[in-house]
There are 2 protein chains.
Amino acid sequence: MSELVVYGAIASQPVRSVLFFLKHSGIEYTYKELNTLKGETQTEEFTKINPYQAVPAIVHDGFNLWESAAIVAYLADAYNVDNQWYPKDPKIRGRINAYLHWHHQNIRTPLVSYLVAKYWFKAKGTPELTEETERPHREALQTWYENVEWLLNDTGFVARTEKATIADVFAYNEITLGLLIPMDLDAHPKIRTWFDTLGNDPVLQELLSGALDVIKHLT
Amino acid sequence: MSELVVYGAIASQPVRSVLFFLKHSGIEYTYKELNTLKGETQTEEFTKINPYQAVPAIVHDGFNLWESAAIVAYLADAYNVDNQWYPKDPKIRGRINAYLHWHHQNIRTPLVSYLVAKYWFKAKGTPELTEETERPHREALQTWYENVEWLLNDTGFVARTEKATIADVFAYNEITLGLLIPMDLDAHPKIRTWFDTLGNDPVLQELLSGALDVIKHLT
């Protein structure tokens, strides 16, 4: 009997993307929520599982792996998954992988950098944002909107696939946190429509609600 | 008969990683060198192949794909490749993919940012580096050395695999350009040994020699 343990923090966007894939693929797993603020990713035990001391990470029958997108690809192979979210078709996988490699610096980083600068400046030991120091973040956000609108132009999905895939879920989860910047999706109807349609998925809703519960208790 | 066209620029590190994989996998292809400085990635024709207007990009029997790591994974699937560089074993692939997702921001970006700031400041419209503005780059390079030494600690290869894989090739190719910073590999014997051993591969040597020819004519 194959045993899968998933280490995560529900407030983490990449963790929710991995959990979404597991739930939609009917893969059984044990979930261990780690409190990153209490240093639970820094322990000697967890460092053996993920030397980068970050979530998500998995242990599958003794094999440990990290990096959310690599975990999804691994689970799809190891569990022989072939669904809408990460199909076996090499062409569709190719498009999804191309998006996921691009995602880090172009979708995730601009939103996370802005949020960190705006809300976690004390923890980072940096000064509070002024109009001047916020300007590059605003400009990066503007580029971000343009990039996503342009991405969606082709098929309505970020990896230029005919259906929503795990690539859309990775993008969606970054935006759910990015909204705290705040972001104005109403000014970008193409993004708004894609975001709202994808957000109807009950698994996405349940995971987001878990994240919001945690974030509510932080602020 | 399957037809594969690869669009590249030999001076590009990710292009050389894709070409390395093709050559070591015995995949037949037609190679088209684009002159990025002459805007050959900006043409209407090439934009249809890669809307991001960057190399590498491929067209395989009418299917177009971009992003070097996604291209390698696609070719492995499409051509049923199972070699040392990107084996089918999901566990080894998982480790390689985890590295390749981490590579962008932690291996490639620090070296490329430093080089751009030092040599292409005019093209970027930014001032020449001073001791003060170079300091963050030097610090990032120090972190870079520490990261790579730490990566190699486990098995001697960057993706913690038992043999060299395409992950090592992606890292190697970034360093070949990074050496212009300059970098001091002799002060980091673990990196030096890994780099020199990998560099014995004749395909890597041939590709690097092509790149150095192009770079020599630029400087």
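Start with strands β3 (residues 57–60) and β4 (residues 63–66) of chain A: they pair in the antiparallel sense over four bridges. Pairing here takes at least two DSSP bridges between two strands. Strands are DSSP E runs of at least two residues, helices are H or I runs of at least four, and both are numbered from the N terminus. A:A57 has A:W66 in β4(A) as its bridge partner. The two strands make a hairpin with two residues between them. In that turn, A:D61 has a positive phi of about 50°.

A word on the source: this is a predicted model, where local features need pLDDT of at least 70, side-chain atom pairs count only at pLDDT 80 or more, and totals for chains, interfaces and linings use all residues. Residues are numbered from 1 along each chain as its sequence is written, with chains lettered from A and ligands numbered from 1 in the order written.

Now chain B. Helices α4 (residues 90–119) and α7 (residues 166–178) pack at about 0°, axes 10 Å apart. Therefore α4(B) and α7(B) are roughly parallel, the term for angles under 35 degrees. Axes are lines fitted to C-alpha atoms over the stretch in contact, and angles run from 0 to 180 degrees between N-to-C directions. Residues in that contact include B:L100 and B:L111 of α4(B), and B:F170 of α7(B).

How many residues does each chain give to the contact between A and B? Chain B gives 20 and chain A gives 20, contact meaning C-beta atoms, placed from the backbone, within 7 Å. On the chain B side, α4(B) gives the most, with ten residues.

Terms used. Angles under 35 degrees count as roughly parallel, over 145 as roughly antiparallel, 65 to 115 as roughly perpendicular and the rest as oblique. Two residues are in contact if their C-beta atoms, placed from the backbone, lie within 7 Å.
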